[in-house]
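Hi,

Here is the structure I promised to pass on. Have a look at it first, and then read my notes below.

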Amino acid sequence: MTLLVAAMEDEVKDILPLLMKVEEKPFLTFEGRLGKKDVVLILTGIGKSNAAAAVSFAITKYQPLIDLIINIGIAGGYQVLTYTPYVVSAATYSDFDLRVFKYELGQVPKMPTWFKLDHSLESKLSEYHKAELYSADHFGTSPIKEAPHLVDMEGAAVFQVAHIFEIPLISIKVVSDLIGDKNQLETYKESEVTLSDVIKDTLFDLMEVLS
C-alpha cells in the first residue's frame with residue numbers, strides 16, 4: 001500500500017473524488033485504488049509538526065501495509081521552472097540550528113543532515129527534474145543559496161519520519177512560485193488553487209513509472 005501525503009486539500013482536490021473519505025480526525029484520511037495500487041491519502045495541514053504527526057499516525061495505523069510514501073504538493077523554488085514537477089533529491093531543514101553544539105545547519109541530533117532519495121528508486125526517476133528541498137516553518141521569500149533549490153513547510157519532516165520508520169519515500173513537488181520574484185505572493189496564491197490538475201497528472205505518471 002502507498003501512503004500519499006499532502007499538506008492542503010486544494011493541492012489534491014482533483015484526486016479526492018477518486019477516493020473514499022474514511023476519517024476526519026485527527027487527520028482527513030482517504031482510501032482507495034489508483035491505477036494498480038491500493039492507496040491511503042492523508043492531509044497533514046501546514047507546517048512541520050503537523051506533517052510529522054500525520055505521517056506517524058498513518059504509518060502506525062496502517063502498518064505493516066505501507067511500503068512506500070509519496071509526498072505530493074506545491075513548493076516555492078529558486079532558479080527552477082515554474083509549474084514544473086521536481087523530484088526531491090535530498091531534503092533538510094533551513095530553520096533548525098544547533099551549530100553551537102557542532103551540528104551542521106539543518107541537522108537534528110542523531111539524524112542525517114540531508115534525507116536523501118532512496119538509491120533503489122533513483123534509477124526509475126531519471127527522467128524527472130530533481131532539486132534539493134529546504135523546509136521551515138515560514139513562507140520562503142529569500143533564496144537560501146545561489147543554486148537551484150525548492151522550499152516548503154513540510155517536506156523534510158515527512159522525510160525524517162520515513163527515515164525513522166525505514167519506509168522508502170518519494171517527494172515530488174510542483175513549483176508554485178519563484179523566490180524573489182516581484183509577483184511571488186500573487187503567483188503563489190493563484191497556484192495554490194490551480195495546480196491540483198498538474199499534481200494529479202504528475203502522481204499518475206509517477207505511479208505508472210513505478211509499476
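Asp137 is partly exposed, as its relative accessible area is 42%. The side chains of Asp137 and Lys48 meet in a salt bridge, with 3.8 Å from N to O. This pair links distant parts of the chain: Asp137 sits in the loop between strand 8 (129-135) and strand 9 (149-152), Lys48 belongs to helix 1 (residues 48-62), and the two are 89 residues apart. Before you go further, please keep in mind that this is a predicted model.

There are two other pairs I looked at. Arg99 and Asp97 form a salt bridge through their side chains, at 2.7 Å from N to O. Arg99 is partly exposed, with a relative accessible area of 47%, and Asp97 is partly exposed too, at 41%. Salt bridges with shared partners also tie Lys48, Asp95 and Asp137 into one network.

The other pair is Glu24 with Lys21, a salt bridge whose closest N and O atoms are 2.9 Å apart. Glu24 is exposed, with a relative accessible area of 51%, so it falls just on that side of the cut-off, exposed being over 50%. Lys21 is partly exposed at 44%. The count for the model comes to nine salt bridges.

**A buried Thr**

Lys21 turns up again in the surroundings of Thr29. Is Thr29 buried or exposed? Thr29 counts as buried, because its relative accessibility is 1% and buried means under 20%. Thr29 lies in strand 3, which covers residues 29-34. If you set aside its neighbours within four places in sequence, Thr29 is in contact with Met20, Lys21, Val22 and Glu23, with Val40, Leu41 and Ile42, and with Phe57 and Tyr62.

**Helix 4**

Which residues of helix 4 are buried? In this helix (residues 184-194) they are Gln184, Thr187, Tyr188 and Ser191. They lie on the same side of helix 4, because the arc they cover around the axis is only 100 degrees. What do they pack against? The buried residues of helix 4 pack against strand 5 (68-78) and strand 10 (169-178). On the other side of helix 4 you will find Glu186, Lys189 and Glu190, which are exposed.

**The whole protein**

Stepping back, the protein has five helices and 10 strands. Its C-alpha trace spans about 45 × 40 × 35 Å along the principal axes. The radius of gyration is 16 Å, which agrees with the value near 17 Å that a compact globule of 211 residues would have. Of the 211 residues, 49% are buried.

As for the surface, the protein exposes about 10100 Å², and carbon and sulfur atoms supply 53% of that.

That's what I have so far.

Cheers

Terms used: Residues numbered from 1 in each chain as written. Predicted model: local features only at pLDDT ≥ 70, side-chain atom pairs only at ≥ 80, totals over all residues. Heavy atoms only, no water. Helix = DSSP H or I, 4+ residues; strand = E, 2+ residues; numbered from the N terminus. Buried < 20%, exposed > 50% of the residue type's maximum accessible area, 1.4 Å probe, protein only. Contact = heavy atoms within 4.5 Å. Arc of directions from axis to C-beta. Salt bridge = Lys/Arg side-chain N within 4 Å of Asp/Glu carboxyl O. Rg over C-alpha atoms; globule rule 2.2 N^0.38 Å. Areas by Shrake-Rupley, 256 points an atom, 1.4 Å probe, with all protein chains shown as cover.
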